[in-house]
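Take a look at the protein below. Keep the sequence and the 3D view side by side as you read.

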Amino acid sequence: RFAALRGQTGIEVTDPPVEEKRALLCRMAELSGAHGIRLDVCCQGELVSGPVGKAHCVDIDRLQALSQAPLAHVSRKGTRKECGCSYSRDIGAYHTCSHECVYCYANL
C-alpha cells in the first residue's frame, strides 16, 4: 500500500533510524504530557525511553481493578514479541473497514 501511495501521490513513506524515532517520541510525550496524556509504545522496546513508556493495551491489572474481580486465569503473555498485554483474542475481522487508511493493518 505504501508503494501504491508513492505511485499515486509521490509521497514516500520511510522508516527513520531508532535515534530519530526516540527524539520524535520524546517530543510527542512532552506535548501530550502537558495535556495529561501519557505516551506509550507497543511492541517496540527499543523506543521506550525517558517519558515514553511501554504500552499494555490489554492490561490485566487495570481490568481487575475496574471489575473488582480476580482474573488470575488470564495469562500475562502478549500475542506478539515484546507485547506488554495480557493474553487476549481479537474479535474484529480483517477487510471490513471502508476507510482504507494507508497505514492501517486492518485491511492488509
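Which residues does K21 touch, not counting residues up to four places away in sequence? K21 touches D15, P16 and L47. Here contact means heavy atoms within 4.5 Å.

## About the model

This is a predicted model, in which local features need pLDDT of at least 70, side-chain atom pairs count only at pLDDT 80 or more, and totals for chains, interfaces and linings use all residues. Residues are numbered from 1 along each chain as its sequence is written, and side-chain values use heavy atoms, with hydrogens and water left out.

## K21 and helix α2

K21 sits in helix α2. Helices are DSSP runs of H or I with at least four residues, strands are runs of E with at least two, and both are numbered from the N terminus. K21 counts as buried because its relative accessibility is 19%. The cut-offs are simple: buried means under 20% relative accessible area, exposed means over 50%, and partly exposed is in between, with a 1.4 Å probe and protein chains only.

Follow the chain on to A34, in the loop between α2 and β1. A34 has a relative accessible area of 64%, so it is exposed. A34 and E12 are 22 residues apart along the chain, and their C-alpha atoms are separated by 31 Å.

## The largest pocket

The largest pocket has a volume of about 650 Å³. Of the 19 residues that line it, the closest to its centre are L25, V41, C42, Q44 and L47. Two elements give two or more residues to this lining: α2 (18-33) and β1 (40-41). Helix α2 gives the most, with 5 residues. By class, the lining has 14 nonpolar, 1 polar and 4 charged residues.

How are these terms set? A pocket is found on a 1 Å grid over the protein atoms alone, as an open set of points where a 1.4 Å probe fits, with protein on both sides within 12 Å along at least five of seven lines; lining residues have an atom within 4 Å of a point. Grid points are joined across faces, edges and corners, and the volume is the space filled by probe spheres set on the points. Ala, Val, Leu, Ile, Met, Phe, Trp, Tyr, Cys and Pro count as nonpolar, Asp, Glu, Lys and Arg as charged, and the others, Gly among them, as polar.

## The second largest pocket

The second largest pocket has a volume of about 270 Å³. Its lining includes C42, C57, V58, T79, R80 and C83. Also among the lining residues are C85, R89, D90, Y94 and Y105. The lining divides into 7 nonpolar, 2 polar and 3 charged residues.

How many disulfides does the structure hold? It holds 0. A disulfide is a pair of cysteine sulfur atoms within 2.5 Å.

C42 counts as partly exposed, because its relative accessibility is 28%. C101 has a relative accessible area of 32%, so C101 is partly exposed too.

## Helix α3 and what follows

Helix α3 covers residues 60-67. At its start, a side-chain oxygen of D59 reaches to within 3.0 Å of the backbone nitrogen of D61. Q68 follows α3. Q68 is not a glycine, yet its phi is positive, about 55°. Most residues other than glycine have a negative phi. Q68 counts as exposed, because its relative accessibility is 73%.

Further into the segment after α3 comes S86. Is S86 buried or exposed? S86 is buried, because its relative accessibility is 4%. Leaving aside neighbours within four places in sequence, S86 is in contact with V58, D59, I60, V74, S75, R76 and K77.

The segment after α3 also holds H95. H95 is not a glycine, but has a positive phi of about 60°. H95 is exposed because its relative accessible area is 57%. T96 lies in the segment after α3 as well. T96 has a relative accessible area of 59%, so T96 is exposed. A polar atom of the T96 side chain lies 2.8 Å from the backbone oxygen of A93. T96 and C26 are 70 residues apart in sequence and 34 Å apart in space, C-alpha to C-alpha.

Conventions:
Polar contact = N/O pair within 3.5 Å; in protein donor to acceptor, adjacent residues only side chain to side chain.
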